[in-house]
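Hello,

Here is the structure you asked about. Please open it alongside this note; my findings follow below.

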Amino acid sequence: MIRIKCPYCGERDHSEFTYGGDASINYPSLDASEAEWTEAIFFRKNIKGFQKETWHHLNGCRMWLEVERSTITHEIKSVKPCHPDLQKLMELKK
Amino acid sequence: MSSKRIDNFGKINRDKIISFNWEKKNYFGYEGDTLASALLANNIKIVGRSFKYHRPRGIMSCGVEESGALVTIGSLEKRDPNVRATSQELYQGLEASGQNAFPNVNFDFGEINNYLSRFFAAGFYYKTFMGVPPFEWGSGTSIWMFFEKIIRKAAGMGKLSRLADPDSYEHAHDFCDILIVGSGPAGIAAAKEAADKKLDVILVEQDSLLGGDQIAEKEFDTNKTLQELKGLGVRIMNRTTAFGLYDNCVIGLIERVTDHIYYDKKDIPRQRFWTIRAKHIIVGSGSLERHIAFNNNDIPGVMTVNAAKHYLNRYGVLTGKDIVIATNNDSVYNTADLLSQAGAKVVILDSRKEVKLDNFNNNIQVKFETVPYSINGSRKIKSIDIADANHQPYSKIDSISCDQVLISGGWSPAVHLLSHRGVKAKWNAENLCFLPGDTKEKITMIGSARGIWNKSDCIKSGIAGALDAMHHMGLSKTNYFFPKEGGWSNPIQPLYEVKYNKSRSKSFVDYQHDVTADDVRLAHREGFISVEHLKRYTTLGMANDQGKMGNIIGLSLMADLLDKDIPEVGTTVFRPPYTPVSIGALAGRNVGKHFRPLRVTPMHQWNLDHGAIMIDVGLYQRPWYFPKNNETLSESYIRETTTVRKSVGVCDVTSLGKIAIQGPDATEFINRVYSNAFAKLPIGKTRYGIMLRDDGIVMDDGTSWRLSENEYLMTTSTAQAGKVMSWLEELLQTRWTDLKVNVTSVSEQWAAAAISGPKSREAIKNCLENPSLIENKNLPFMGFVSANLKDGTPCRIVRISFSGELGYEIYIGSDYANSMMDLIWKEVQNYNGCLYGLEALGALRVEKGHVTGAELDGRVTIEDAGLGKMASTKKSYIGSAMRTRGSLSANKDREQLVGFFPVDKKETFDAGTIVCEKNKIKGSGIGRITSVTHSPELGHWIGIGFVQGGKEKWHNTTLIGSDPVRNKQMEIEVVSPHMIDPEGKRMHA
């Protein structure tokens, strides 16, 4: 069981969350070309080691989080809100 | 073997006699006995039959590694197969029987397999029944499929009751600072050290008593230890097995709450499944004694040496009279002494040249440089042939008559839990065992699980383990070190197999699955040399015991054949569970109606009170149909559908997802999410919208209402409500973080009823304070108003139509749902209206060709669904770049939404029917029927679905509907999906 430290709720079981996807993708603008969108949604790196991914705290505060997790050991290096304003808010809370 | 209870030994309570039943006969034991010790005390030799050859098997160990005494406990629905008699505590009235035998374990017809054993070598079934000689005929899968049924019947050990499990189980969760697995000397030392520092400690022990191997020490007092630990605040969980170790120090435990007593009430669970999150885990899981492979090493009366010590000092049972001990290490000498003191005649065969020991009992005869060669006897041991350890090939040099053979081929640390974490064990050549590998996780191995053999070093390792944990937690700076592994006075000598010089030997490597040394050699000959292949080919290390006793022997034999060292051959990975976990415990309370949560709408009871038959839709229960006078489902929904089309009907539509979208950028947001134009939706209007995924495929559909300048209410389909909500949150929190919008699920806050049919307006008018609000001119199609019901309750009325008739949906605060339904139902009855359920709702929408989840299944584009005109070309939105991507637009023959009629109007069809061309009825055909209904208006069955090329291509052709599941075929024709009122005159009326 992976335990994720939600910045709002505290450390919780991964079963409270749902996995989103690759957090490093910059989605193109809506009017971008088919080629750009194809690159963004179909092509993924298969990282061995730490990767940034999104998790949704579905059965908690419902925040979308950016989690840096090792694909080998499941070790989690960092967790922060995806939304920059929420990031600032969580910093203030500390 | 003649085993018996003796005086002055053991810790059982002889004041309390317990009667139990074995193989339909009554016997007696004492409080504190296990089933195994009680059977031994009653001198019962044969307790099981082996897996493949049906050889008689006795009790071979004293713990969870047992692979001989697998028995069935209880009867009827309480029947529990494959229970290790060595771990089953005795209780008054316990019923047990042997298994894998007919008619019983003492006389078993299956034993014929033992004499046909040369046909049953590893891989026999696959080689024979896949068409290799002598059954060359019909080679291939079909012959295997035929024989498989017979083989499956012969396979397996105990039999399930096939009745529902009457016991209850429970899931529980907990947290602690340090969790310690195992209460041997090391575990107890660690617990004391950690509890001393005021840490929250849980000590887990699979046995009923604390102490581990110390229980077999005369002077050890388990109760005193228990009280001492309790006094320190240690939380003790006995009869609890740590079966699996997971990420972040999460550990899975099974607590056997009532398995040791007779209990048939349901207020206490039989077992408890614990998930415990610790800050640090200390594993003192001990080690397991191995045996040695030699001919007939499985005859009842063969046991591990340490087991004999436990039976003697814990249970007061002397397991033999004339005992031969075969070994290659020091651990047996203390036990030999004890057995001798208890009155047995003991001979030790030690493969080593010499042994130096302090205080050894000189009355015991030790034959050095001697190994066991073959046991004589079949149902019990008569004698053992011995061989010269230095003379290979081995041959018989002498014979010793005896009734028991105890074996110790060395000790294997129980590294299982660490292996669950993916940590590879490393071979230690000095101690001939796999030691736990290194890990960066917060797990510390102590005691003999770390390869430390003597007690004082085990205690030191326990203290070091606790300090190690505290060091990791930042609580201690005390220096600590772990004692070196090993600790015997004389080195152990390799001895895995004493090879028999005659063919067809029965030298068992893995007792449980009847894997012999010859099977390992066969696997090698046939090329299955990797340990993972060896395991799967011979089944070495599989089944209940998971190779706890035999695995290392198998590895050493393979290493020998490959002329490599054991570490080069490697070891298989241990995976959870350490010992079997019952399915019931995994399920916990999530059975029957608690299998998943139940969602009901606020008018659930109202629906039931008005005769609704309910149906499960996802987690929701919704009204299916409202039968009148014993109507069947089809009679009922046809009447309901007809009533809606003729006058008016009411339906609970609360389960739709509802999302409040608020904020200055709400319009921009909703316009990006939906494929059709929303930017100019006026306040007070609602619009049907379609959402695509990033890849251009349809995600969901629904309506959104513009409540004010910056506020919308979005509805979603019942099934996709959760997914759409998460999706909107993802977009706002990860992609469009500049948009000032908030989304809130209000699905539970609003109840909703659809009122449909030509009389709906008149019926609703009478329910309102101000009836003129819903006049056609005030509330046109796709408009909505805020109104008050007659009783003053505020509500929102939206004029939309799923049925194709004039229709409204009224939304009201959930708490007012029942009073609203009372009001509406009273008025609807005045127009001879009805209540209708999901079946009629479906019939009405199929007649109109409206799509739902059955059609929008994640493979369908907006064009496929016939809704291409709803894809705006004037704006960019989610999926707009991809919906016309090459692979989607290049295929001009994609499946299109169409309607289906049977050619013979009396014919029926079912959803799932495959659409094929005549004479080409095969595979996935050219389309599929997704939803069907009888249409009362048309007077025959209709369906909607998809066909390649759409209506254009096939509307003049007769196609075949093929339903291989129901073994049915019918002629069908392709029509427009809009089968009733295609111009939509009715809903605009």
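Two residues are in contact if their C-beta atoms, placed from the backbone, lie within 7 Å. In chain B, residues 24 or more positions apart account for 65% of the contacts with a separation of 6 or more.

Some ground rules. This is a predicted model, in which local features need pLDDT of at least 70 and side-chain atom pairs count only at pLDDT 80 or more, while totals for chains, interfaces and linings use all residues. Residues are numbered from 1 along each chain as its sequence is written, chains are lettered from A, and ligands are numbered from 1, in the order in which they are written.

Chain B overall. Its C-alpha trace spans about 115 × 75 × 55 Å along the principal axes. Of its 989 residues, 51% are buried (20 or more other C-beta atoms within 10 Å of the residue's own, again placed from the backbone). The chain has 24 helices and 49 strands. These are DSSP runs, numbered from the N terminus: helices are H or I with at least four residues, strands are E with at least two.

The parallel sheet. Five strands of chain B form an open sheet, ordered β16-β24-β18-β19-β20, with parallel pairing. Strands pair if DSSP finds at least two bridges between them. β16 (302–304) and β20 (365–368) of chain B each have a single partner strand, so one side of each lacks a neighbour in the sheet. β18 (322–327) and β19 (345–350) of chain B pair over 6 bridges. There, B:V324 stands opposite B:V347. Helix α8 (333–341) of chain B touches both β18 and β19, and its direction makes about 160° with that of β19(B). Angles run from 0 to 180 degrees between N-to-C directions, with axes fitted as lines to C-alpha atoms, for helices over the stretch in contact.

The antiparallel sheet. This open sheet of chain B has 5 strands, in the order β35-β36-β37-β34-β38. β35 (686–692) and β38 (742–745) of chain B are the edge strands. β36 (698–708) and β37 (711–716) of chain B are joined by 4 bridges. B:W705 stands opposite B:L713 in β37(B). Helix α19 (721–735) of chain B packs on this sheet, at about 20° to β34(B).

The interface. 21 residues of chain A are in contact with 22 residues of chain B. On the chain A side, α1(A) gives the most, with 3 residues.

Best wishes

Key
A residue is buried if 20 or more other C-beta atoms lie within 10 Å of its own, exposed if 12 or fewer, and partly exposed in between; C-beta atoms are placed from the backbone.
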